[in-house]
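Welcome! Please take a moment to look over the sequence and the model shown here before reading on.

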Amino acid sequence: MSEKLSVETRAPLLEPLFANGWSMVDGRDAIEKHFKFANFADAFGWMTRAAIWSEKWNHHPEWFNVYNKVHVVLTTHSVDGLGALDVKLARKFDSL
């Protein structure tokens, strides 16, 4: 089970993600990012790779896809906020 990010660990873990396009979700302890691809096939291919990692780590995003865009929200529902797995998955998504 994941733990909610502490006040002390938030800045060092989240600032690199913010610099890479992630942002806090208004009204929630969650992060989001809008990914844009060349076309639907590229977006769907990325989602497939992201789904494999999400399943491997048993941590699943909230996401929405329209054509070449994918909107991703990460939060840990069991801790009602951001946890270490959200940061790990965001980094992985950025590397795909």
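## About the model

This is a predicted model, in which local features need pLDDT of at least 70 and side-chain atom pairs count only at pLDDT 80 or more, while totals for chains, interfaces and linings use all residues. Residues are numbered from 1 along each chain as its sequence is written, and side-chain values use heavy atoms, with hydrogens and water left out.

## Rings that meet

Let us begin with the aromatic side chains. A pair of aromatic rings is described by the distance of the centres and the angle of the planes. Rings of Phe, Tyr and Trp (for Trp, its six-membered ring) pair if their centres lie within 6.5 Å; planes under 30 degrees apart count as stacked, over 60 as edge-to-face and the rest as tilted. Searching the whole structure gives eight aromatic pairs. In one of them, F37 and W46 have ring centres 5.6 Å apart and planes at 40°, so this pair is tilted. F37 is buried at a relative accessible area of 17%, and W46 is buried at 1%. Here, buried means under 20% relative accessible area, exposed over 50%, and partly exposed in between (1.4 Å probe, protein chains only).

W46 also pairs with W63, again in a tilted arrangement, with 6.3 Å from centre to centre and 55° between the planes. W46 belongs to helix α2 (residues 40–56) and W63 to strand β3 (residues 62–66), so this pair ties together parts that are 17 residues apart in sequence. Helices (H or I, at least four residues) and strands (E, at least two) are DSSP runs, numbered from the N terminus. W63 itself is partly exposed, at a relative accessible area of 30%.

## Lysines over rings

Two lysines can be found over the faces of tryptophans: K88 over W57, at 4.2 Å from the ring centre, and K92 over W53, at 3.9 Å. A charge sits over a ring if NZ of Lys or CZ of Arg is within 6 Å of the ring centre and within 35 degrees of the ring normal.

Helix α3 covers residues 84–95, 12 residues in total, and reaches 17 Å from its first C-alpha to its last, close to the 16 Å expected at 1.5 Å a residue. That expected span is 1.5 Å times one less than the number of residues.

Which residues of α3 are buried? They are D86, V87, L89, A90 and F93. Seen down the axis of α3, they fall within an arc of 165°, so they line one face of the helix. The arc is that of the directions from the helix axis to the C-beta atoms. The cover over these buried residues includes α1 (7–19), β2 (31–36), α2 and β4 (69–74).

## K33, a buried lysine

K33 is in strand β2. Is K33 buried or exposed? K33 is buried, with a relative accessible area of 11%. Its side chain reaches the backbone oxygen of N20 at 2.7 Å, and a polar contact of 2.7 Å joins the side chains of K33 and D94. A polar contact is a pair of N or O atoms within 3.5 Å; within protein, one must be able to donate a hydrogen and the other to accept it, and residues adjacent in sequence count only if both atoms are side-chain atoms.

Not counting residues up to four places away in sequence, K33 touches N20, G21, W22, V70, H71, V72 and D94. Contact means heavy atoms within 4.5 Å.

## The loop between α2 and β3

H59 lies in the loop between α2 and β3 and counts as buried at 8% relative accessibility. A polar contact of 2.6 Å joins the side chains of H59 and D86. Leaving aside neighbours within four places in sequence, H59 is in contact with S54, T75, T76, L85, D86 and L89.

N58 is found in the loop between α2 and β3 too, but N58 counts as exposed, at 58% relative accessibility.

Most residues other than glycine have a negative phi. The phi of N58, however, is near 50°, a positive value. D80 has a positive phi as well, near 55°. D80 lies in the loop between β4 and α3 and is exposed, with a relative accessible area of 63%.
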